[in-house]
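Here are my notes on the model, point by point. Please keep the structure open while you read.

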Amino acid sequence: MLFRNTSVAAITLVKPPRVVTSLEIEARLAPVYDRLKLSAGRLELMTGIFERRFWNPGTRSSAVAAEAGERALRQSGIDRSRIGCCILASVCRDFLEPATASLVHEMLGLGEDCAIFDLSNACLGVLNGMAVVATMIDAGQIDAGIVVSGEVAEPLHDATMNALLSDRHPDKRRLKDQFASLTIGSAAVAVVLVRDGLVPGHRLIGGMVGTDSGGNKLCKADPGLALPEGPIMNTDSEGLLHAGCALAARTWERTKAELGWTNDTPAHIFTHQVGRAHAKLTLETLGLGEDRDFPTVMYMGNTGSAALPGAVALGLAHKAMKNGDILALLGIGSGLSCMMLGMEYRA
């Protein structure tokens, strides 16, 4: 897929106010660790995550998604009356019906002719949303659109902690299945895409998708609707790691062919922020150097659909880039699903 007339006018990240360290989590899990004869420090050692952030109690996905959206609209300089589509692309939503995007639309004061819908695809939602909006722009259907995500990790984190602590007969297998849930953090992001030249922005080049639906059992989360304790997620972390990297390798080859790239083309690389081992193996599998990567998982945790675009937002703000630099956005999510997008930095 190639985009001819779309640029990214703004990408914003909203960080939650509460910082929770991996050592704090393990201190709460001390009874479980003691019974299983595990030492503190295991969580950071295995994942590379020393802290993540959480919202204040009662925070809604729509509220933080709208906050990120407001920042992105102001940063982009686009008149909000030009926004023709608003997509909420987070795993988290306020409710099943109506679309949580309707709340974001109202809070942002968008127009009556602006389409709204929720788009959910695990950690890939925002990248998928960007491709949808870019397709609409290239087709001449709209001048601009906004994709937002508000990931609220606290219900999953608390339910996982409570389930582990209430288990009278804990075992290492169950802890391993739910270990990935302890890496989750909260964040909100927004991306404003516009018809090229409408306002300044970075050119969205295009990309490719990859799907391996045989891996849909590797990471599964109950929505918590029927569970009084909240949502629970079980993850085969090792299986997900290797199947995901294999899919990424195949998708990367198709992406390079589609965009006319080589491994040397991207000056900057942004991967989905899962953990240290995932990033290392992904880059090794694709034959890409870690010197071009921009990791944030160490202090943000895995923030779901907000992770990769959040890293891009931080990279654009803090990483040295020059006009014409190519950015590779290498996303992967449970399902298994992969999307890789290319951007050209414009100073």
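1. Ground rules. Contact here means heavy atoms within 4.5 Å. The model is predicted, so local features need pLDDT of at least 70 and side-chain atom pairs count only at pLDDT 80 or more, while totals for chains, interfaces and linings use all residues. Residues are numbered from 1 along each chain as its sequence is written, and side-chain values use heavy atoms, with hydrogens and water left out.

2. V8 and its neighbours. Set aside residues up to four places away in sequence. V8 then touches M130, V191, V192, L193, G201, H202, L204 and M343.

3. The largest core. A nonpolar core is a set of buried Ala, Val, Leu, Ile, Met, Phe, Trp, Tyr and Cys residues joined through side-chain atoms within 4.5 Å. Buried means under 20% relative accessible area, exposed over 50%, and partly exposed in between (1.4 Å probe, protein chains only). The largest such core has 40 residues. V8, M130, V133, L193, L204, F270 and L329 have the most contacts inside it. Two or more residues come from each of β1 (6–14), β4, α6 (125–138), β7 (187–195), α12 (307–318), β12 and β13 (337–344). Helices (H or I, at least four residues) and strands (E, at least two) are DSSP runs, numbered from the N terminus. The top contributor to this core is α6, with eight residues.

4. A second core. This one is separate and has 28 residues. Its members include A9, V64, A66 and A188.

5. Helix α5. Which residues of α5 (residues 101–108) are buried? They are A101, V104, H105 and L108. Seen down the axis of α5, these buried residues fall within an arc of 100°, so they line one face of the helix. The arc is that of the directions from the helix axis to the C-beta atoms. The buried residues of α5 pack against α4 (61–76), β4 (83–88), β5 (115–118) and β6 (144–151). After α5 comes G109, with a positive phi near 65°.

6. Backbone points to check. The peptide bond from E97 to P98 is cis, with omega near 0°. P98 sits in the loop between β4 and α5. K37 is not a glycine, yet its phi is positive, about 60°. K37 belongs to the loop between α2 (30–36) and α3 (42–47). K37 counts as exposed because its relative accessibility is 74%. A122, also not a glycine, has a positive phi of about 50°. A122 lies in the loop between β5 and α6.

7. L124. This residue is found in the loop between β5 and α6. Is L124 buried or exposed? L124 counts as buried, at 1% relative accessibility. L124 and M339 are 215 residues apart in sequence, but 7.1 Å apart in space, C-alpha to C-alpha. Leaving aside neighbours within four places in sequence, L124 is in contact with G331, I332, G333, S337, C338 and M339.

8. A153. Look in the loop between β6 and α7 (154–166). A153 counts as buried, at 4% relative accessibility. Beyond its neighbours within four places in sequence, A153 is in contact with F54, I184, G185 and S186. The C-alpha atoms of A153 and P170 are separated by 23 Å, with the two residues 17 apart along the chain.

9. Cavities. On a 1 Å grid over the protein atoms alone, a cavity is a set of points where a 1.4 Å probe fits but cannot get out, and a pocket is an open set with protein on both sides within 12 Å along at least five of seven lines; lining residues have an atom within 4 Å of a point. Grid points are joined across faces, edges and corners, and a volume is the space filled by probe spheres set on the points. There are three cavities of 30 Å³ or more. The largest cavity holds about 60 Å³. Residues lining the largest cavity include G244, H272, H278 and M340. At least two lining residues come from each of α9 (237–259), α10 (276–286) and β12 (326–333).

10. The second largest pocket. Its volume is about 220 Å³. Of its 14 lining residues, A9, A10, Q75, H202 and L316 are the closest to its centre. β1 supplies the largest share of the lining, four residues.
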